[in-house]
Amino acid sequence: MSSSAHPHTLPAVRPKPRRSMVVCGLIGVAVMAAVDEIVFHQILGWHHFYDRSTPGVGLMSDGLLHTAELLALVAGFFLYADLRRRRALAPAHAWAGFVLGLGMFQLFDGTVDHKLLRLHQIRYGVDVTPYDWAWNFAAVALLLLGTALAVRAARGSRPSPTT
């Protein structure tokens, strides 16, 4: 062991693009769930996670959603910290995963929770069509941006061809 090496320093590892993308995708899902829950459930009071029962059940469902998003966020940041500690984080792939996670939550919520399972609607007492379009358009825009970032990250991590 050289005199400059710290005994607790991990050896340098190659970046892990797929793991970086998945870990930050988890963080993205959790962040978008938090934004949804804080803005639409708490601040605006437009809906609860589960609106097909009593207000008390709706409030409890928000608490369960909040618990799940916090657990996902904490787990994601522990996994992120591990990638950083091991020097295995691929930043471009991580950003792509984060944005893809934002879009995946948004699209899942807009299609599965709102339309297929009908757990709740974005708003009540109004025509929800423009809200649905805006919600799902935002999801698709995030997914397209995340995909573009992922393609760019993949191109940037390829070895350059020698001529």
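Mentor: Let us start with His93, which is buried, its relative accessible area being 9%. Buried means under 20% relative accessible area, exposed means over 50%, and partly exposed lies in between (1.4 Å probe, protein chains only). Please note that this is a predicted model, in which local features need pLDDT of at least 70 and side-chain atom pairs count only at pLDDT 80 or more, while totals for chains, interfaces and linings use all residues. Residues are numbered from 1 along each chain as its sequence is written, and side-chain values use heavy atoms, with hydrogens and water left out.

Trainee: Where does His93 lie, and with which residues is it in contact?

Mentor: His93 lies in helix H3, residues 91–116. Helices are DSSP runs (H or I, at least four residues) and strands likewise (E, at least two), numbered from the N terminus. Leaving aside neighbours within four places in sequence, His93 is in contact with Pro17, Ser20, Met21, Ala153, Ala154 and Ser157. Contact means heavy atoms within 4.5 Å.

Trainee: How many helices and strands are there in the chain?

Mentor: There are four helices and zero strands in the protein chain, and the pattern along the sequence reads α-α-α-α.

Trainee: What about H2?

Mentor: Helix H2 covers residues 55–85, 31 residues in total, and reaches 45 Å from its first C-alpha to its last. That is close to the expected 45 Å, the expected span being 1.5 Å times one less than the number of residues. Just after H2, Arg87 takes a positive phi of about 60 degrees.

Trainee: Which residues of H2 are buried, and against what do they pack?

Mentor: The buried residues are Gly58, Ser61, Asp62, Leu65, Glu69, Ala72, Gly76, Asp82 and Leu83. They pack against H1.

Trainee: And Leu73: buried or partly exposed?

Mentor: Leu73, which lies in helix H2, counts as partly exposed at 22% relative accessibility. Not counting residues up to four places away in sequence, Leu73 touches Ile27, Ala30 and Val31. The C-alpha atoms of Leu73 and Leu26 are separated by 7.3 Å, although these residues are 47 apart along the chain.

Trainee: Now the aromatics. How many aromatic pairs does the structure hold?

Mentor: The structure holds five aromatic pairs. In one of them, Phe40 and Trp46 have ring centres 5.5 Å apart and planes at 45 degrees, so the pair is tilted. Rings of Phe, Tyr and Trp (its six-membered ring) pair if their centres lie within 6.5 Å; planes under 30 degrees apart count as stacked, over 60 as edge-to-face and the rest as tilted. Phe40 counts as buried at 19% relative accessibility, whereas Trp46 counts as partly exposed at 21%.

Trainee: What other ring pairs with Phe40?

Mentor: Phe40 and Trp135 form an edge-to-face pair, 4.9 Å centre to centre with 65 degrees between the planes. Phe40 lies in helix H1 and Trp135 in helix H4 (residues 129–157), so the pair ties together parts that are 95 residues apart in sequence. Trp135 counts as buried, at 7% relative accessibility. Ring pairs link Phe40, Trp46, Tyr131 and Trp135 into a cluster.

Trainee: How much of the whole chain is buried?

Mentor: Buried residues make up 35% of the 163 residues in the protein chain. Among contacts between residues at least 6 apart in sequence, 75% join residues at least 24 apart.
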